[in-house]
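Welcome, and thanks for taking a look with me.

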Amino acid sequence: MKNTLKLFLIVMLTGCFGLTFSQGNQDSKRNPADKFTELMSLVRNYYTDTVNEEKITEDVIQKALEDLDPHSSYVPAKDVKTSEEKLVGNFDGIGISFQILKDTIVVLEVIPSGPSEKVGLLAGDKIIKVNDTIVAGVKIGNDGVIKRLRGPKDTKVKVSMMRASEHGLIDFTITRGKIPIFSVTAAYMAAPGVGYVKIERFAANTMQEFIAAVEKLRSQGMHDIILDLQGNGGGYLYTVIDLCNQFLGENELIVYTQGVHSPYYPYYSNNRGMFKDGKVVVMIDEGSASASEILSGCLQDNDRALLVGRRTFGKGLVQKPFTLADGSEVKLTTAHYFTPSKRCIQKPYGSGNKEYREDYKARLESGELFGTDTFKYTDTVKYYTKNKRIEHGGGGIMPDFFVPYDTSENSTLFNQLVRRGVENKFCLDYVENNRKTLMANYPTADAFFNNYTVDKSVLAEYWAAAVVDSVIKLLPGSNPKTFEDYFTAVKNDSAADFAKDFAKSEGVIKARLKATIGRNLFDVGMFYRVINATINNVYTRALKVITSPEKFDVLLPHNNENDGSKGKGGRNEKLKKKVKIVSE
């Protein structure tokens with residue numbers, strides 16, 4: 001980083017908190033940080049208007065850190081607690097998830113064993129008052145709801161609910177408590193012997209959730225596992241180290257960190273893991289970052305797993321939090337992450353933050369998301385896995401099996417339905433109006449998954465909702481009642497375009513409707529279960545790979561060999577094949 005930027009950061013810190021630096025002797029150069037102190041003194045004493053010195057200081061801090069690298073950041077004191085909640089794994093509240101629909105707070109899910117479940121709140125309830133203050137019909141936002149419902153553990157909040165089966169409002173007094181934020185959001189049997197686990201983030205409670213998921217799936221016959229890290233932006237280093245350790249033997253390198261002021265620091269496995277045998281496939285994409293890349297790179301370099309999907313994000317910078325005097329926090333990059341084969345995970349960022357932030361757009365426009373041959377490695381060095389398979393560096397982790405981004409079912413109609421929020425609002429209304437019937441017909445998650453279908457009557461209701469939200473427009477005088485009626489009643493560009501768009505997107509429209517209805521009726525795990533089974537082509541390939549021994553075992557011959565030289569953590573001897581790269 002340029003010296004001017006380093007000096008700017010020193011200036012910023014000094015100006016904020018009045019730090020002074022003693023000069024070693026009279027001949028020492030004047031500390032450049034003093035300039036900012038002088039500037040603020042001039043502004044304070046001579047500027048024509050009143051200024052907000054705190055805002056100026058925070059703006060300088062943020063600009064300085066932005067110029068250092070894309071991931072060093074500043075968190076104001078008021079936001080520190082909120083910024084940590086998703087990783088800490090809990091917060092103090094009443095234990096519901098909600099959505100604001102038609103200016104009304106609707107309960108989507110009541111967290112099991114949480115404060116709200118204990119007093120009898122139900123999914124579908126509408127919150128009309130909080131502590132006798134009306135919150136419906138007053139244009140309240142998500143932040144306003146959170147501010148009113150969250151509070152210190154053991155404090156009480158009164159909520160007045162409207163329930164479809166009741167007349168008038170129902171009052172509940174809820175004692176706030178610790179509410180978990182789950183990081184393992186789906187776990188089910190994908191095929192005989194094959195389990196699937198979705199990890200959203202690497203939080204403080206991830207290992208506890210992962211172990212519980214594995215034990216549950218093992219009781220159902222799982223011996224091989226698919227880990228889904230798509231869209232997982234990372235989390236705690238110690239959590240991902242612990243998770244990597246579950247799949248490795250003894251003294252295998254997991255990752256190491258190194259920086260100018262941070263000496264080489266390796267992390268090794270300890271042979272205490274719970275999944276040292278069995279096949280492992282990891283699903284990754286351009287949204288898999290940081291800790292997700294540590295896990296992916298570790299298992300790939302140790303020849304312990306196959307990766308399926310697309311190149312990961314490329315976030316391989318270590319941030320260390322430093323708490324400042326006022327309680328605010330600087331998350332400063334102190335080192336880089338390197339995989340066991342010495343690949344640097346971090347993608348280049350020398351061209352500036354704007355280009356760095358628009359990397360997804362660049363991948364889309366270059367065609368990388370649609371084919372591996374369009375990606376040019378900036379690092380031409382060849383790296384080798386434990387079994388001498390060739391890997392490449394230059395930013396992110398490349399999968400062993402590339403799966404292109406699928407846009408084959410996209411259409412203007414589908415995109416508008418999702419982007420304009422019609423899908424979410426319709427599914428919420430649909431479940432609220434039909435919850436009793438749905439639960440009677442599909443009392444379990446398996447019953448819903450296996451038997452529920454989005455039929456023409458559901459689609460007709462969906463089109464009606466789209467008309468209300470002006471996503472589709474009707475010809476003057478038309479009054480469609482059935483699914484078929486809409487094909488002659490829709491104005492759009494022409495009725496033919498509507499029919500053409502639906503024909504192209506029918507599969508994805510129905511899949512997302514079923515998944516979202518299932519999420520509102522059961523939990524987010526049902527959403528992923530439906531999406532995976534219908535339109536997630538990365539999941540389809542992952543399942544194909546893990547159930548095809550010839551693909552998996554040829555790539556990873558060491559996976560089932562008895563590693564007698566190590567004594568501990570050896571794997572069953574089944575194959576002794578030459579390493580061979582399989583391309584498809």
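Which backbone nitrogen lies 2.9 Å from a polar atom of the side chain of Asp 228?

1. That nitrogen belongs to Gln 230, in a polar contact (a pair of N or O atoms within 3.5 Å; within protein, one must be able to donate a hydrogen and the other to accept it, and residues adjacent in sequence count only if both atoms are side-chain atoms). Asp 228 sits in strand S12, residues 224-228. Its relative accessibility is 1%, so Asp 228 counts as buried (under 20% relative accessible area, with exposed over 50% and partly exposed in between, using a 1.4 Å probe and protein chains only).

2. A word on the basis: this is a predicted model, where local features need pLDDT of at least 70, side-chain atom pairs count only at pLDDT 80 or more, and totals for chains, interfaces and linings use all residues. Residues are numbered from 1 along each chain as its sequence is written, and side-chain values use heavy atoms, leaving out hydrogens and water.

3. At the start of H3, the backbone nitrogen of Glu 54 has a side-chain oxygen of Asn 52 within 3.2 Å.

4. Finally, Tyr 360 belongs to helix H11, residues 359-366. Tyr 360 is partly exposed, at 37% relative accessible area.

How values were computed. Helix = DSSP H or I, 4+ residues; strand = E, 2+ residues; numbered from the N terminus.
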